[in-house]
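Biologist: Before we discuss any terms, please show me the model.

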Amino acid sequence: MKHSEARTVGFKAGERNVFFHILTACNLRCKHCYINTAQHGSATLSKETIEHWLKLFYEPSKKSNLVFLGGEPTLHPDLAASIKTAKEMGYSVTVDSNGYLLNDFLNATNPDLLDYLSFSLDGPDPEVNDPIRGQGVFEICVDNIKKAVALGYRVSVIYTVSNYNIDHLHRMIPLLNELKVKRFFIQVIGLRGESAKLESEANDQNEESLQVERQKWLDTVPEVAKQGAAAGLHVTYPKVFLEEHELFECAGEAAENYFIFPNGRVYQCPLCEDYALHTYTIENDELVANPDVNEKMMFPLKIAEGCVMNKLLQPDTIEYDDSGKPLSRISCCLLKKEIY
Ligand code: SF4
Ligand code: SF4
């Protein structure tokens with residue numbers, strides 16, 4: 001069914017989402033890379049460990065969605081075999097790639113096993129994308145999108161919005177149409193890993209923040225999403241700002257999301273990934289609750305600003321009126337809107 005207005009995609013109780021970082025190594029050095037090896041290690045999981053951990057998180061009574069991530073997941077020589085294992089277990093499987101599709105990835109797996117292949121592009125041309133993701137990356141990524149579409153893969157594109165590229169977001173629509181890509185995910189930049197360092201340098205030097213201000217976001221992103229839908233795209237973007245009447249829900253309490261790292265840390269909230277606040281650790285292929293102070297203890301806290309971890313870890317994103325009241329509550333970073 002077509003929706004002319006964007007709708008909020010509520011958290012689904014009967015679903016489980018597993019975001020599985022099978023390695024942290026990458027062939028690129030994106031400016032805003034969120035990987036933090038000091039927190040997540042530099043291990044590459046063996047094929048056997050991947051299989052054990054997939055079993056650990058598979059829940060037959062729930063729709064289980066799996067995203068293979070890195071680093072760059074196609075750098076892993078056993079990615080194609082692990083996709084097959086996951087699919088046979090019953091997962092819906094997505095791979096998020098930087099577009100390099102290493103290890104002959106398109107021929108090593110096939111569209112029957114892979115539900116979605118997602119490419120990261122942060123600009124509609126090399127002039128915008130490559131200063132963020134690296135010289136020559138746009139061309140390789142776009143070439144591989146074309147190959148994947150031609151082979152029958154279901155392809156989506158992820159665009160991480162920051163002040164570097166928000167003014168070019170609307171130009172993604174003709175590009176995606178030309179590439180015959182139907183699914184477009186707009187992301188908000190998270191201040192983790194390299195982007196946290198960049199943000200702190202920008203603050204020290206009084207330079208422009210990476211994070212987009214509330215009004216600019218509200219003036220730009222929903223409108224581009226609407227234009228994308230009118231042009232035939234299915235667009236998903238983060239809610240970010242809650243309206244007065246809208247209910248605040250923390251995915252840590254209302255949904256089941258697991259962000260797994262190769263050093264065995266398992267988070268439920270992506271905002272916490274730069275800290276040892278993980279809810280669980282995988283030890284000897286078993287899920288063990290983290291006995292120290294952790295994110296799960298924060299989830300029930302109710303504050304006027306909405307998301308408690310946002311308030312603690314990136315307070316500069318919240319704007320207040322003269323009486324000290326937040327202009328909007330910040331929604332859970334996992335809450336999305338969609339239009340198509
Ligand atoms: S953001 Fe992704 S593609 Fe870019 S350097 Fe980090 S892991 Fe690699
Ligand atoms: S982003 Fe905020 S609301 Fe969402 S899971 Fe984390 S703490 Fe909860």
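Biologist: Why are α5 and α6 called roughly perpendicular to each other?

Modeller: In this predicted model, helix α5 (residues 126-133) and helix α6 (residues 137-150) pack at an angle of about 105°. Angles under 35 degrees count as roughly parallel, over 145 as roughly antiparallel, 65 to 115 as roughly perpendicular and the rest as oblique. The angle of about 105° is in the range of 65 to 115, so α5 and α6 are roughly perpendicular. Each axis is a line fitted to C-alpha atoms over the stretch in contact, and angles run from 0 to 180 degrees between N-to-C directions. The two axes are 8 Å apart.

Biologist: Which residues of α5 and α6 meet?

Modeller: P126, N129, D130 and R133 in α5 meet V137, F138 and E139 in α6. Contact requires that two C-beta atoms, placed from the backbone, lie within 7 Å. The residues of this contact comprise three nonpolar, one polar and three charged. Here Ala, Val, Leu, Ile, Met, Phe, Trp, Tyr, Cys and Pro count as nonpolar, Asp, Glu, Lys and Arg as charged, and the others, Gly among them, as polar.

Biologist: What conventions apply to the model?

Modeller: Residues are numbered from 1 along each chain as its sequence is written, while chains are lettered from A and ligands numbered from 1 in the order in which they are written. As the model is predicted, local features need pLDDT of at least 70 and side-chain atom pairs count only at pLDDT 80 or more, whereas totals for chains, interfaces and linings use all residues.

Biologist: What makes D96 buried?

Modeller: A residue is buried if 20 or more other C-beta atoms lie within 10 Å of its own, exposed if 12 or fewer, and partly exposed in between. D96 has 20 other C-beta atoms within 10 Å, so D96 is buried. D96 lies in strand β4 (residues 92-97). Leaving aside residues up to four places away in sequence, D96 touches V67, L69, S118, S120 and I158.

Biologist: How many residues of the shell around ligand 2 come from α12?

Modeller: α12 supplies three residues, the most of any contributor. In total, 13 residues surround ligand 2, each with its C-beta atom within 6 Å of the ligand. The closest are C250, C269, C307, M309 and C332. By class, this shell has eleven nonpolar, two polar and no charged residues.

Biologist: Which classes make up the shell around ligand 1?

Modeller: That shell has five nonpolar, three polar and two charged residues. Among them are C26, C30, R29 and E72.

Key
Helix = DSSP H or I, 4+ residues; strand = E, 2+ residues; numbered from the N terminus.
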